[in-house]
Amino acid sequence: MDIVEKALIFAAKAHNGATRKGSTLPYIIHPAECVAIAASLTEDPEILAAAALHDTVEDTYVTEEMLLQEFGEKVMKLVCADSEDKMKERPAAETWKLRKQATIDALSDASEQEKIVILSDKLSNLRSIDHDYEILGEALWERFNQKDKKMHEWYYRSVLAGLSSMENTSAYRECLMHIDRIFK
């Protein structure tokens, strides 16, 4: 079994029982889609493994140490580059802007490899938001900790600005298309 298959199986176990926000879809669909997006940008198996694992530290019982032991330092660092500090001691709605600003700020120091994982994650999220927005309209924003649509636009446009070194990729252009359609 190669590292990408191992990462997908590991992520599926870590996210077992979880669903995508506002749906009944198994959560693993998101990491799997991130791998497919990342594969359009690189063939590096460690980057693809990190795309599969990108939400494990942030959203499951998985620790950085577990990733280091199972997948090595490079994969662990790539995952951590796309992991948000959830500030669990405070309500999520209260910390939303702080967490998103930290993500945006970190992009200035992100490597191109880290940016591939981050771009893959954001594109998958934007595809999901765009799809659900078509069905739910403005009611979509009620499922999020941040209910203000303009704040989501600020976040995604700021992230894309931080990923501008990737503007010649189809993934970047697709992100921009979804942002323009969702926030028109």
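Trainee: Thr-42, is that one buried or exposed?
Mentor: Buried: in this predicted model, Thr-42 has a relative accessible area of 16%. The cut-off for buried is under 20%.

Trainee: And where does Thr-42 sit in the chain?
Mentor: In the loop between α2 and α3.

Trainee: What does its side chain reach?
Mentor: The side chain of Thr-42 gets to the backbone nitrogen of Asp-44, at 3.0 Å. If you skip neighbours within four places in sequence, Thr-42 is also in contact with Ile-47, Leu-48 and Ile-116.

Trainee: OK, on to α2 itself. Which residues of that helix are buried?
Mentor: Helix α2 covers residues 29–39, and the buried ones are His-30, Pro-31, Cys-34, Val-35, Ile-37 and Ala-38. Looking down the axis of α2, they fall within an arc of 165 degrees, so they line one face of the helix.

Trainee: Why would residues three or four places apart point the same way?
Mentor: Because an α-helix has 3.6 residues a turn.

Trainee: What do the buried residues of α2 pack against?
Mentor: Four helices turn up there: α1 (3–14), α3 (45–53), α8 (112–136) and α10 (170–182).

Trainee: Another loop now. Where's Asp-55?
Mentor: Asp-55 is in the loop between α3 and α4, the latter being 56–59. Asp-55 counts as buried, at 4% relative accessibility.

Trainee: A buried Asp, then. What does the side chain of Asp-55 make a polar contact with?
Mentor: With the side chain of His-54, at 3.1 Å.

Trainee: And which residues does Asp-55 touch, not counting those up to four places away in sequence?
Mentor: His-15, Tyr-27, His-30 and Thr-60. His-30 has come up already, as one of the buried residues of α2.

Trainee: How far is Asp-55 from Ala-81?
Mentor: Their C-alpha atoms are separated by 11 Å, and the two are 26 residues apart along the chain.

Trainee: Switching to rings. How many aromatic pairs does the structure hold?
Mentor: Seven. One of them is Phe-10 with Phe-71: the ring centres are 5.3 Å apart and the planes are at 90 degrees, so this pair is edge-to-face.

Trainee: Which helices do Phe-10 and Phe-71 come from?
Mentor: Phe-10 is in α1 and Phe-71 is in α5 (residues 64–71), so to speak a link between distant parts of the chain, 61 residues apart.

Trainee: Are those two buried or exposed?
Mentor: Phe-10 is buried, with a relative accessible area of 16%. Phe-71 is buried as well, at 6%.

Trainee: What lies over the face of Phe-71?
Mentor: Lys-6, at 5.1 Å from the ring centre. Lys-100 lies over the face of Tyr-155, also at 5.1 Å from the ring centre.

Trainee: Which residues does Tyr-155 cluster with?
Mentor: Trp-96, Trp-154 and Tyr-156, linked with Tyr-155 through ring pairs.

Trainee: Let's zoom out. How many helices and strands are there?
Mentor: The protein chain has 10 helices and zero strands. Its radius of gyration is 16 Å, close to the 16 Å from the globule rule for 184 residues, so the chain is as compact as a globular protein of that length.

Trainee: What box do the C-alpha atoms fill?
Mentor: Roughly 45 × 35 × 30 Å, along the principal axes.

Trainee: And what share of the chain is buried?
Mentor: Buried residues make up 46% of the 184. On contacts, take those between residues at least 6 apart in sequence: 68% of them join residues at least 24 apart.

Terms used:
Residues are numbered from 1 along each chain as its sequence is written. This is a predicted model: local features need pLDDT of at least 70, side-chain atom pairs count only at pLDDT 80 or more; totals for chains, interfaces and linings use all residues. Side-chain values use heavy atoms; hydrogens and water are left out. Buried means under 20% relative accessible area, exposed over 50%, partly exposed in between (1.4 Å probe, protein chains only). Helices (H or I, at least four residues) and strands (E, at least two) are DSSP runs, numbered from the N terminus. The arc is that of the directions from the helix axis to the C-beta atoms. Contact means heavy atoms within 4.5 Å. Rings of Phe, Tyr and Trp (its six-membered ring) pair if their centres lie within 6.5 Å; planes under 30 degrees apart count as stacked, over 60 as edge-to-face and the rest as tilted. A charge sits over a ring if NZ of Lys or CZ of Arg is within 6 Å of the ring centre and within 35 degrees of the ring normal. A polar contact is a pair of N or O atoms within 3.5 Å; within protein, one must be able to donate a hydrogen and the other to accept it, and residues adjacent in sequence count only if both atoms are side-chain atoms. The radius of gyration is taken over C-alpha atoms; the globule rule is 2.2 Å times the number of residues to the power 0.38.
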